[in-house]
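Colleague: Could you walk me through this one, a question at a time?

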Amino acid sequence: MTVRMIMAEFSTADALVSAVRELVGTKGPHRFETYSPYALSEIDDVLSARGAGPSKVRTIMVVAAICGALAAFFLQYWSSVVAYPFNSGGRPYNAWPAFMMVTFEITIISAAIGGFLTMIIGSNLPRLNHRVFDWEGFERASDDRFFLEIELRGDQEADGEVRAVLDRYRPITIQERGDATAI
Amino acid sequence: MSDATLTGRELIANHGRTRDGLMPAEMPYGTITDEVAAAIFRKPSRLWLVLVGVSFLGVILFGISILVLLVEGTGIWGVNSEVVWGFAVANYVWWIGIGNAGTLISCMLLLTRQRWRASINRYAEAMTLFAAAIAGIFPLLHVGRPWLAYWLAPYPNTMTLWPQWRSPLVWDMFAIACYILFSILFWYTGLIPDLATLRDKAKHRFTKVAYGIFALGWNGSSRQWKNYNSYYYAMAALGVPLVVSIHSVVGLDYAATLMPGWQETIFPPYFVVGAMFSGFAMVVTLTIPIRWALGLQSIITLDHLDAMAKILLLGGIIMSFSYSFEWFAGWYSGGEAERSLIAFQFFGPYGWLYWMMLACNGLAPQLFWWRRFRRGLVPLFIVGVLVNVGMWLERILINMNTLAHGHLPSTFSFYVPTIWDWLMFLGSFGLFCFLFFLFAKVIPAASIHEIRELAHKEGAAR
């Protein structure tokens, strides 16, 4: 089943943000996504007010850090207490304060790797192509244009309201097409 | 003519600067992209080709010195049975110090929301990456048999041996490996949105595909930016303690021994400050030619340099304090070896180097009390180079002085670097410059997306 999509291109961040703010107030709600050349914290605020949860990245980082710390400590503990006890100047086999440096480094790097993978996979990356790149002029989303893509619902009244909102903020272009996959 | 077609310099002429002087008062997003990306898509200049060529000679030199070392063994160096740590260890400590600063600068400035960061963090991080990678080579060469370096790693082996986890040298191996990996992740993450910009700006199919692959398919959706910011700030927060731990471990390599002048509790923090100091000096030394060569005067301004000069001044003061604390601790310990080492530092055969180091690290940055010197490119560059020289002298003197003048007078000895010591040091410098020049031509030298964000906040773009 194809979905009708509408894409509006704005020249300023402020126009995009205002359009999004108004859009969430319309009958719908419509599913939408914004594309911008830098991070717009205002969009995040709008989305969280609408009930979007925080990014999973940091949760996974904490979990990865704990796993890394345990693994690093137990590797040291096991190898110097069980596998290869080595008496160096009468110091204890389980010299846990001395084990803390390696534990610390592995904790940090585990969080870093876990977070990186979560960021990439959670953003649906890496991928070679995406349907959003098929919009005319989309290459400027990484330069100086701000895009708002909205999934139409096929309901005349609600969709008319979306078009009215977009027109009010004077987008440079508006395009519409049918797409095989939704946002 | 519309603003979109003007360059940064013309925009400053037309509109003046923003109130804090960081960028032109009017600077559309398109101009920001073009200012930074232009240096990449322009045809390589003759100057750049010459620089790459000359630095490549350094790379060849580095390769030859390594080859000779592997064939002949560590006997080609000036190290002897007493002064066992020579240039290789000093170079390692110096390079890792420079390597620590890039990440530290980038993370701390991000966390403290210093808005001028956006222009310098990218190449400060690149500097980190290359310096840390070069630093990682030296301990491998220092041990003399790099092909056995994997013995340091914990892995099940037929001898059922495990690493000595109580040794700072093992901590060091983990610290460097984790740090290099961390730096790559941090740098690359910040690059992804800019690689997408280059992908979309590239004209030729090959460059488009190449940048496209590394951009991983980034499209700038709100979902991607949310994950990106969440990760990037978390990494910055992790980066600061990591950097502090790395150079503390380097300090512990020394402090955990029993040698006079090394066995001091001040070593870890003293090494961390020294790393920040030499790294900032290197950033200043690199900034001045970069902003000139890439024409980034509207993005990297005198206010940026002024701010960095103030940090150098602070670093110089803390270093001077650390040196005087070393003298005090030596005297206060009451130990004969400690006291005689202090005298040896000032008046021994290496004394002239020690005085030179004090002048470079303690005295030279004092110029920055005056605004005129903080904003003068020539004094900034000269002091930057002097601090780099001074910090390198400090690293080599820590090794030479203590090891040549230990506890037992009968083992007092003298270390003189050989030609191979010098060639290898020079070669490592060539490798660093070579990587850096390549970087400046292939990757945006400043973070484009962060400058856009800054322009929006400053009201220069809407």
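Modeller: Gladly, and let me begin with a definition: a residue is buried if 20 or more other C-beta atoms lie within 10 Å of its own, exposed if 12 or fewer, and partly exposed in between, with C-beta atoms placed from the backbone. The model is predicted, so local features need pLDDT of at least 70 and side-chain atom pairs pLDDT 80 or more, while totals for chains, interfaces and linings use all residues. Residues are numbered from 1 along each chain as its sequence is written, and chains are lettered from A and ligands numbered from 1 in the order written.

Colleague: Which residues in α3(B) are buried?

Modeller: Helices are DSSP runs of H or I with at least four residues, strands are runs of E with at least two, and both are numbered from the N terminus. Helix α3 of chain B covers residues 46-72, and its buried residues are covered by elements including α5 (117-142) and α15 (419-442) of chain B. The buried residues in α3(B) are B:Phe62, B:Ser65 and B:Leu69.

Colleague: Is A:Ser80 buried or exposed?

Modeller: A:Ser80 sits in helix α3 of chain A. Beyond four places in sequence, A:Ser80 touches A:Pro85, A:Phe86, A:Tyr93, B:Trp162 and B:Trp165, where contact means C-beta atoms, placed from the backbone, within 7 Å. Because A:Ser80 has 23 C-beta neighbours inside 10 Å, A:Ser80 counts as buried.

Colleague: Which element gives the largest share of the side of chain A that touches chain B?

Modeller: The contact takes 55 residues from chain A and 49 residues from chain B. On the chain A side, α1 (13-23), β2 (32-35), α2 (41-49), α3 (57-83) and α4 (96-122) each supply at least two residues. The largest share, 16 residues, comes from α4(A).

Colleague: Which strands stand at the edges of the sheet in chain A?

Modeller: The open sheet has 4 strands in the order β2-β3-β1-β4, with antiparallel pairing; two strands pair if DSSP finds at least two bridges between them. For example, 4 bridges join β2(A) to β3 (residues 146-151), and A:Phe32 stands opposite A:Ile150 in β3(A). Each edge strand has a single partner, so one side of each is left without a neighbour in the sheet: these are β2 and β4 (173-179) of chain A.

Note on methods: Two residues are in contact if their C-beta atoms, placed from the backbone, lie within 7 Å. The expected span of a helix is 1.5 Å times one less than its number of residues.
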